[in-house]
Amino acid sequence: MSWLAVTTANDLVTLLQFPFMQRAIAGAVFMGILGGLLGCFVTLRQLSFFSHAVGHAALVGVALGVLLQLNPTWMLLPFTLVFGVLVIYFIDKTDLASDSVLSIVLSGALAIGVILSSLIQGYRGNLMAVLFGDILAIDQTDLILTLLVLVAGSIFLLSTLRQQILLTLNPDVAKVQGIPVQLYRYGFVILLSLAVAVAIKAVGVLLVNAFLVIPASTAKLIGHHFRRFLLQSVIVGSITSIAGIIVSGLFNLASGPSIVLVQFLVFVAVFSWIKLTIKTT
C-alpha cells in the first residue's frame, strides 16, 4: 500500500510539471469559484433548469462552429448569450409557466442541434469534446475568457450583494424599494449564460448544470447565513474541481465526469454526516 502511495505521489508531481495540467488546475480554480458564486443564486432563484437548458442548447452553437469551420468557443459564447436573453424575454411576454417555456425552447434548440450535427462530415472531435468536456484540453484563450467572466461576475454580484440578496429572497419587496429588478435579472441571466459557455469545455454540455448546482447545494446543507453560504459554495466548487482533475490525471479518466463525480461524492458525504449528527444529538 505504501509503495502504491509513493507511486501515486510521484505520478502527481510529474503531472503537475506539464503545462496542460497547470492550465487545467488554473481553469479549475477559476471555474470552481465562478460556479460556486453563481450556483448560490441559481439554486435559491430556482434557475437550475434554466442553466440546464442553456447548456444543452449550446449544442447548436457548437455544431454551427464546426460546420462553418470556426472555433466552436467563439460560436458558443454569443449563442448562449442570445439564447439566455431570449428565454427570459419569452417567459416575461407569455402567460406560460417558466418551465414550460424552457422545455419548448430547449426541445427546439436540441432538435436544431441534432440536425446540424448530422450534417457534419468526417471528424467530429470538437463536437464530442464539447458534449463530454475535457478541462485538460483548455488553452490560454479559454483561461482568459473564464477569468474575464469571473471578474465581471464578481464585480457585478459582490458590488450589488445586498440588492441581489433581497431580489433573491423577495422580488416584490426589492421592486418596492426601487431596485431595478429587470436590469439585475437580465444582468444575472447574461452572466449565467456566459458562465455556462465557458464551463462547457471543462465539464461538457451534459454535465454543466451539475457544475453549478452541486457545490452550492452542498454548501447550503452546512451554511444558513447567506454570506457564509456564498463563501462555502466557492470553496467547495474550487476544491472539488481541483480534486476531480487530479483524479482524472492519475487514473486516466474523463476530466468532466471526474470533477462532477467528486462533487457528487462530497455532497453525499456532507449529507450523510449531517444526518448522522442529527441522529446522535
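Residues are called buried under 20% relative accessible area, exposed over 50%, and partly exposed in between.

**Figure 1. Pro-78 in helix 4 of the predicted model.** The structure shown in this and the following views is a predicted model. Pro-78 belongs to helix 4. Its relative accessibility is 40%, so Pro-78 counts as partly exposed. Along the chain, Pro-78 and Ser-193 are 115 residues apart, yet a distance of 9.3 Å separates their C-alpha atoms.

**Figure 2. Overall fold of the protein chain.** The chain comprises 13 helices and zero strands. Read from the N terminus, the order of elements is α-α-α-α-α-α-α-α-α-α-α-α-α. Along the principal axes, the C-alpha atoms occupy a box of roughly 65 × 60 × 35 Å. Buried residues account for 47% of the 281 in the chain. Of the contacts between residues at least 6 apart in sequence, 77% link residues at least 24 apart.

**Figure 3. Confidence along the chain.** The mean pLDDT is 83, with 92% of residues at 70 or more. Confidence is lowest in helix 1 (residues 2–16), where the mean is 58, and highest in helix 7 (residues 140–159), where it is 91. The pLDDT is below 50 over residues 1–7, and this stretch makes zero contacts in the model beyond near neighbours in sequence.

**Figure 4. The salt bridge between Arg-185 and Asp-92.** The structure contains one salt bridge. It joins the side chains of Arg-185 and Asp-92, with an N to O distance of 2.8 Å. Because Arg-185 is part of helix 10 (residues 181–203) and Asp-92 part of helix 4 (residues 72–93), the pair ties together parts that lie 93 residues apart in sequence. Side chains of opposite charge can pair when their charged atoms come close.

**Figure 5. The nonpolar cores.** The largest nonpolar core consists of 73 residues, and those with the most contacts inside it are Leu-38, Phe-50, Phe-83, Ile-135, Phe-188, Leu-192 and Ile-245. Helix 10 supplies the largest share of this core, 12 residues. Leaving aside residues up to four places away in sequence, Phe-50 touches Gly-84, Val-87, Ile-88, Leu-102, Val-189, Leu-192 and Ser-193. Another core lies apart from the largest one; it has six residues, among them Leu-166, Leu-167, Ile-179 and Val-181.

**Figure 6. Asp-142 in helix 7.** Asp-142 is located in helix 7. With a relative accessible area of 9%, below the cut-off of 20%, Asp-142 is buried. Residues up to four places away in sequence being left out, Asp-142 touches Thr-73 and Lys-201.

**Figure 7. Helix 13 and its buried residues.** Helix 13 (residues 255–280) has 26 residues, which at 1.5 Å a residue should span 38 Å; the C-alpha atoms at its ends are 38 Å apart, in agreement with that value. The buried residues of helix 13 are Ser-255, Gly-256, Ser-258, Ile-259, Val-260, Val-262, Gln-263, Val-270 and Ile-274. An α-helix has 3.6 residues a turn, so residues three or four places apart point the same way.

Methods
Residues numbered from 1 in each chain as written. Predicted model: local features only at pLDDT ≥ 70, side-chain atom pairs only at ≥ 80, totals over all residues. Heavy atoms only, no water. pLDDT = per-residue confidence, 0-100. Helix = DSSP H or I, 4+ residues; strand = E, 2+ residues; numbered from the N terminus. Contact = heavy atoms within 4.5 Å. Salt bridge = Lys/Arg side-chain N within 4 Å of Asp/Glu carboxyl O. Core = buried A, V, L, I, M, F, W, Y, C linked by side-chain atoms within 4.5 Å. Buried < 20%, exposed > 50% of the residue type's maximum accessible area, 1.4 Å probe, protein only. Expected span 1.5 Å × (residues − 1).
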